[in-house]
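Subject: Structure for your review

Dear colleague,

Please find below the structure that I am handing over to you. My notes on what was found in it follow directly after.

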Amino acid sequence: MLEIFKEVITKVVLSCGLSKTDLQLAPTLKDPIRIHEKSINDYLRDFDDWDDGFVIPESCVIDVLRGRVMCPDTTSIFNLLAKMKKGIKTCVNGKTATLELVRCKNKFENDGKNIATRFRHLLL
């Protein structure tokens, strides 16, 4: 899964006119213990059917695969978001892989934490 993600996200970045150096990928999947902790802390009380044995809170953790794309300007951001919003289908090892945008958190807001660095980002 990780290798497919790396290949697909690299194709997306290159298709937006960015370079491979603009892409920073986590070397591994999120640690299973961290996935469990996050599921218990963030999702355990979201649904009332956890006890039925069909759904586990870990299934709600969507950032198991992680990466960062550094966009030098707003045009690059809009191009990347437009492609992600449409969904990206590509062929990897002879099979079709689809990358879909499931969530977008706006971290451009001035919450007082980014004043010194002026660092802003979107979580996709």
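Predicted model: local features only at pLDDT ≥ 70, side-chain atom pairs only at ≥ 80, totals over all residues.

M70 is placed in the loop that runs between β2 and α3, where helices (H or I, at least four residues) and strands (E, at least two) are DSSP runs numbered from the N terminus. At 33% relative accessibility, M70 counts as partly exposed; the classes are buried at under 20% relative accessible area, exposed at over 50%, and partly exposed in between (1.4 Å probe, protein chains only).

Residues are numbered from 1 along each chain as its sequence is written, and side-chain values use heavy atoms, with hydrogens and water left out.

Overall architecture

The protein chain contains three helices and six strands, in the order α-β-α-β-α-β-β-β-β from the N terminus. Of its 124 residues, 27% are buried. Taking contacts (heavy atoms within 4.5 Å) between residues at least 6 apart in sequence, 50% join residues at least 24 apart. The accessible surface is about 9,000 Å², and carbon and sulfur atoms account for 54% of that area; the areas come from the Shrake-Rupley method with a 1.4 Å probe, and for residues only the protein chains shown count as cover.

The cores and α1

A nonpolar core is here a set of buried Ala, Val, Leu, Ile, Met, Phe, Trp, Tyr and Cys residues joined through side-chain atoms within 4.5 Å. The largest has 14 residues, among which V8, I9, V12, L80, M84, I88 and L99 touch the most other members. At least two residues each are supplied by α1 (2-15), α3 (74-86), β3 (88-92) and β4 (95-99), and the largest share, five residues, comes from α1. Leaving aside residues up to four places away in sequence, V8 touches I88, T90, V92, A97 and L99. A second, separate core of five residues includes Y43, C60, V61 and V64.

Within α1, the buried residues are L2, F5, V8, I9, T10, V12 and V13. Their cover includes β1 (23-25), β2 (67-69), α3, β3 and β4. The end C-alpha atoms of α1 are 20 Å apart, which agrees with the 20 Å that its 14 residues should span at 1.5 Å a residue; the expected span is 1.5 Å times one less than the number of residues. Just after this helix, G17 takes a positive phi of about 85°.

The β3-β4 hairpin

β3 and β4 pair in the antiparallel sense over five bridges, pairing being assigned if DSSP finds at least two bridges between two strands. They form a hairpin with two residues between them, and N93 in the turn has a positive phi of about 55°. V92 stands opposite K95 in β4.

S39 in α2

S39 lies in α2 (residues 32-43) and counts as buried, at 0% relative accessibility. Its side chain reaches the backbone oxygen of H36 at 2.7 Å. Not counting residues up to four places away in sequence, S39 touches L44, P57, E58 and V61.

With kind regards

Conventions. Polar contact = N/O pair within 3.5 Å; in protein donor to acceptor, adjacent residues only side chain to side chain.
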